[in-house]
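Trainee: I would like to go through the pockets and the sheet of this model with you. Could you show it to me first?

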Amino acid sequence: MTYKYPNAVLMIFCKAPIPGQVKTRLIPKLTAEQAAELHTELSIKTLQRATQNNLCPVQLWCSPTTDHAFFIASAATYPITLQQQQGIDLGERMHHAFCSALADYSHALLMGCDCPSLTEQDLEQALTALNQENKVVIAPAEDGGYVLVGLNQPHPELFDNMPWGTARVLDQTRNRIEHYKLRHHELSEQWDLDTPEDLERYRALALSAMPSDLT
């Protein structure tokens, strides 16, 4: 397969769609089963977006294990490889993934599965920025975090002792980038799907994207 950025890799962090373990902030608005179905839908759309135009190799970093049926089916459907997340907290898992990826590639992007606003054009912009010798690329999120991060070499200082899941993640990341004098590029602000309000926004966008019935 020919890639536009063969020296880069896109890593997608994904949890197995186990009811009661994914999208829990949407419960009880959704049942645990509905929340898992939504997580599956978002993950499939992410995989489609990531692989549709062969930007770069794609790895699906799985939790808790790679042998869940959803992961096996995804690897059979899309041109991806499965990897196992390792680490006690999110920061350790992210750092481990970057160390693994950057042992084989010059540039690496990492994203989750729950950002409907992140487009293929955003991914290409991030890859271009890394090729222009930016050491860090991030896509800020409206909730004070970020939905994508890209590196050209491991930077454990960006992930260690970070208040994950809070509105302080983005500010602390920017502060550390400045402290360590890392040249960086930011994509446009994004939003991810975590809350019932996010779900309503997602559904409204899906309805607006549907073609009108002209018959």
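Trainee: What makes the largest pocket a pocket, and how much space lies in it?
Mentor: This is a predicted model, where local features need pLDDT of at least 70 and side-chain atom pairs count only at pLDDT 80 or more, while totals for chains, interfaces and linings use all residues. Residues are numbered from 1 along each chain as its sequence is written, and side-chain values use heavy atoms, with hydrogens and water left out. On a 1 Å grid over the protein atoms alone, a pocket is an open set of points with protein on both sides within 12 Å along at least five of seven lines, whereas a cavity is a set where a 1.4 Å probe fits but cannot get out. Points are joined across faces, edges and corners, and the volume is the space filled by probe spheres set on them; here that comes to about 1,200 Å³.

Trainee: Which residues lie nearest the centre of the largest pocket?
Mentor: Lining residues have an atom within 4 Å of a grid point. There are 37 for this pocket, and Lys23, Leu90, Asp114, Asp192 and Asp194 lie nearest its centre. With Ala, Val, Leu, Ile, Met, Phe, Trp, Tyr, Cys and Pro as nonpolar, Asp, Glu, Lys and Arg as charged and the others, Gly among them, as polar, the lining divides into 16 nonpolar, 10 polar and 11 charged residues.

Trainee: Which element gives the most to that lining?
Mentor: Strand β6, with 4 residues. Strands (E, at least two residues) and helices (H or I, at least four) are DSSP runs, numbered from the N terminus.

Trainee: How does the lining of the second largest pocket divide?
Mentor: Into 8 nonpolar, 1 polar and 2 charged residues; among them are Leu42, Arg49, Cys113 and Tyr202. About 160 Å³ of space lies in this pocket.

Trainee: Why are β3 and β7 called edge strands?
Mentor: The open sheet has 7 strands in the order β3-β2-β1-β4-β6-β5-β7, with mixed pairing. β3 (80-84) and β7 (184-186) each have a single partner strand, so one side of each is left without a neighbour in the sheet.

Trainee: What does helix α4 touch?
Mentor: Helix α4 (residues 120-131) touches β1, β4, β5, β6 and β7, where contact means heavy atoms within 4.5 Å.

Note on methods:
Pairing = 2+ DSSP bridges. Axes fitted to C-alpha atoms, helices over the stretch in contact; angles between N-to-C directions.
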